[in-house]
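Me: I'm new to this one and would like to go through it slowly. Could you take my questions as they come?
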2 protein chains.
Amino acid sequence: MRGPIRILVLGTGQMGSAVAGLVLRKSGLQLVGAYARRAGRVGMDLGRAIGLDRELSLPIRTELGPLIEDTGPDVAIQATCSTVDDALEEIGACVRRGVHVISIAEEMAFPSYRAPKAAIELDRLATAHGVSVLGTGINPGFVLDLLVVALSGVCADISSITATRVNDLSPYGPTVLVKQGVGLTPEAFRARLSDGSVVGHIGFSESIHMIARALGWRITRIEERREPIVARTRRATPFVTVEPGQVAGCRHTAVGYSGDRPLITLVHPQQVQPHLEGIETGDTIEIFGTPHVRLAGNPEIPGGVATAALAVNMIPRIIVAAPGLHCMTDLPVPAALLGDVRDALGHRGEERFDG
Amino acid sequence: MRGPIRILVLGTGQMGSAVAGLVLRKSGLQLVGAYARRAGRVGMDLGRAIGLDRELSLPIRTELGPLIEDTGPDVAIQATCSTVDDALEEIGACVRRGVHVISIAEEMAFPSYRAPKAAIELDRLATAHGVSVLGTGINPGFVLDLLVVALSGVCADISSITATRVNDLSPYGPTVLVKQGVGLTPEAFRARLSDGSVVGHIGFSESIHMIARALGWRITRIEERREPIVARTRRATPFVTVEPGQVAGCRHTAVGYSGDRPLITLVHPQQVQPHLEGIETGDTIEIFGTPHVRLAGNPEIPGGVATAALAVNMIPRIIVAAPGLHCMTDLPVPAALLGDVRDALGHRGEERFDG
């Protein structure tokens with residue numbers, strides 16, 4: 001059997017660390033390097049940086065081009081940012097050097113929405129270099145889009161779709177909590193919505209357009225609402241304490257319309273410690289069609305571990321894919337990788353991997 | 001825009017009729033012909049045969065080769081049988097004439113289990129003729145396999161999987177009821193299990209191997225159990241009346257082992273009128289892993305309409321696929337086709353459709 005599939009991780013924060021840790025545990029994958037944007041971590045051993053009790057002899061580096069050239073990865077997993085604009089330079093650096101890219105930047109789940117021209121360019125660039133680029137993650141990328149599309153496949157017709165994800169932000173640190181306005185007064189929440197520092201969920205438009213494109217619906221308008229979830233009891237996590245009357249999170253909804261007809265409604269209230277007020281977390285997809293389909297799970301699929309798993313589990317899929325820019329609905333579904341990852345390439349994939 | 005995608009339906013029974021009816025309602029598809037095995041329907045207009053109140057000017061024919069040559073279909077949908085052996089001749093006749101095939105024969109969901117040599121041959125034949133062959137349906141093909149694999153994609157690791165489908169056979173006619181032993185005494189049920197006339201569900205082995213191959217598990221043994229579901233109350237449908245003490249259906253389970261370790265457990269009790277004894281129908285998938293994932297829906301996704309929808313909704317996927325024999329986990333997920341089906345081909349697909 002040929003050598004392992006060589007993986008480069010971009011980003012050594014919470015998500016990059018989770019991805020790196022998972023790559024290390026999979027047969028047939030080899031972690032060959034780690035890139036960080038911040039100079040503060042240069043030279044630190046990746047094993048220490050991601051919380052292992054051993055060194056990996058992989059120093060974190062901040063110059064991406066030379067890192068790629070020195071380590072020769074097959075696939076780079078990007079966990080450095082959220083927007084297409086912010087993601088493009090690193091992705092381009094990989095693609096130009098013949099490296100496939102899986103990004104967990106939220107907007108990369110469907111980049112042609114925010115950046116249609118850049119998406120076309122990226123598709124051309126990836127095709128020219130014979131590699132694939134994919135955005136994935138739990139949301140956007142799975143629960144509120146890919147899974148909705150998959151379930152729609154049993155339908156002869158559909159009038160509308162509603163999908164809801166009620167989650168618990170308790171595991172998350174300051175970066176996430178600030179974006180959701182946790183701990184603010186309701187007045188401060190509204191002020192920070194206006195100045196853009198409270199953003200709620202990133203990815204509704206991407207999910208709506210991903211679903212609509214797959215189903216052949218034309219979305220003419222998306223309406224989003226962000227409202228404070230005001231705590232009635234004290235809710236504390238290791239990172240924040242929310243007193244009654246303060247904001248425990250953000251109830252963010254988006255509706256995709258075709259003309260006046262609401263086709264896709266996505267609901268995603270994110271807060272700390274929802275169970276303290278009797279709120280059950282979970283994922284629910286309901287398709288009003290022929291047949292009527294409703295699937296639900298409690299609690300929600302946890303976002304952090306699932307996003308890292310999705311990024312790693314898509315590795316064989318993008319190696320096998322035709323070169324170009326893809327979204328999750330363009331490729332076969334992810335599968336947990338429980339054997340040697342190289343076996344998941346199949347004979348067609350092996351030929352491509354060989355070349 | 002180019003002409004519609006031309007569809008030939010093989011089989012004019014309950015499922016073939018549902019497929020034909022759905023094809024007629026989709027923009028961008030054109031129903032060009034219908035094939036039946038039984039001479040009894042030769043010459044009957046397909047519109048009448050499938051219960052429309054109008055003629056379609058499409059006489060049902062029983063000679064498949066000439067029918068294909070006269071009508072020039074792009075895709076054939078096969079709804080004539082359950083086994084690979086029984087399906088191969090018709091599929092071969094289509095493939096040799098350059099026609100893609102979607103089959104709802106249960107064993108075609110993963111044909112390399114029952115007929116590994118035939119599957120290799122069929123893959124070669126399809127590749128040589130530049131077309132694709134796919135087996136699909138609600139089960140096997142979706143609820144107890146594709147959906148399981150898709151959900152596994154959020155997992156970093158998995159120890160075992162259990163999936164359950166509790167359905168209601170009330171809509172089904174004699175062919176299905178006989179296979180499930182409905183209306184028999186428990187003694188007769190056991191006798192007909194032995195002589196093979198009661199079979200329970202067809203497709204457990206296919207689902208287990210489809211999941212295992214996608215996840216990289218090696219299944220060494222599958223244990224199946226079929227037990228009578230004995231009615232305690234009278235259960236009547238238009239097709240059968242079951243008295244207390246008689247068999248209302250078959251509780252069929254299958255467990256896929258690796259050595260002594262049970263990895264995949266599939267449970268599928270099928271019966272008429274389960275609600276009369278307080279049994280709730282539904283689909284449940286539970287993945288014991290990191291994270292733990294559980295998704296459930298009540299009632300079950302209805303099998304008939306969903307199988308017809310899946311067969312039609314996969315049309316753009318097999319046109320775009322690389323030529324060869326595929327299973328559902330090899331291709332992008334099905335999506336409800338709510339616009340012009342040709343738009344679902346994408347630019348790569350259009351090139352292939354053109355050529």
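Me: Which side chain does the side chain of A:Asp340 join in a polar contact?
Reply: The side chains of A:Asp340 and A:Arg342 are joined by a polar contact of 2.7 Å, where a polar contact is a pair of N or O atoms within 3.5 Å, and within protein one atom must be able to donate a hydrogen and the other to accept it, while residues adjacent in sequence count only if both atoms are side-chain atoms. Please keep in mind that this is a predicted model, in which local features need pLDDT of at least 70 and side-chain atom pairs count only at pLDDT 80 or more, whereas totals for chains, interfaces and linings use all residues. Residues are numbered from 1 along each chain as its sequence is written, chains are lettered from A and ligands numbered from 1 in the order in which they are written, and side-chain values use heavy atoms, with hydrogens and water left out.

Me: Is A:Asp340 buried or exposed, and where does it lie?
Reply: A:Asp340 is buried, at a relative accessible area of 19%, given that buried means under 20%, exposed over 50% and partly exposed in between, with a 1.4 Å probe and protein chains only. Its place is the loop between strand 14 (324-326) and helix 13 (346-354) of chain A, with helices (H or I, at least four residues) and strands (E, at least two) taken as DSSP runs numbered from the N terminus.

Me: OK, and A:Asp45, what is the nearest side chain of opposite charge there?
Reply: That is A:Arg48, 5.6 Å away, and A:Asp45 is buried yet has no salt bridge, which would take a side-chain nitrogen of Lys or Arg within 4 Å of a carboxyl oxygen of Asp or Glu. For the charges, Lys and Arg count as positive and Asp and Glu as negative, while His and the chain ends are not counted.

Me: What lies 3.1 Å from a polar atom of its side chain, then?
Reply: The backbone nitrogen of A:Leu58 lies at that distance from the side chain of A:Asp45. A:Leu58 is also one of the residues that A:Asp45 touches, among them A:Arg54 and A:Pro59, leaving aside residues up to four places away in sequence, and contact here means heavy atoms within 4.5 Å.

Me: How many salt bridges are there over all chains?
Reply: A search of the whole structure finds 36. One of them joins B:Asp86 and B:Arg37, with the closest N and O atoms 3.1 Å apart. B:Asp86 lies in helix 4 (residues 84-95) of chain B and B:Arg37 in the loop between strand 2 (29-35) and helix 2 (46-49), so the pair ties together parts that are 49 residues apart in sequence.

Me: How accessible are those two?
Reply: B:Asp86 counts as partly exposed at 35% relative accessibility, and B:Arg37 counts as partly exposed at 36%.

Me: And what about A:Glu227, which partner does it meet in a salt bridge?
Reply: A:Glu227 meets A:Arg225, at 2.6 Å from N to O. A:Glu227 is partly exposed at 29%, while A:Arg225 counts as exposed at 53%.

Me: Switching topic, where is A:Ile211, and what does it touch?
Reply: A:Ile211 is in helix 10 (residues 204-215) of chain A, and at 0% relative accessibility it counts as buried. Its contacts include A:Leu144, A:Val148 and A:Ile264, and the C-alpha atoms of A:Ile211 and A:Leu144, 67 residues apart along the chain, are separated by 8.8 Å.
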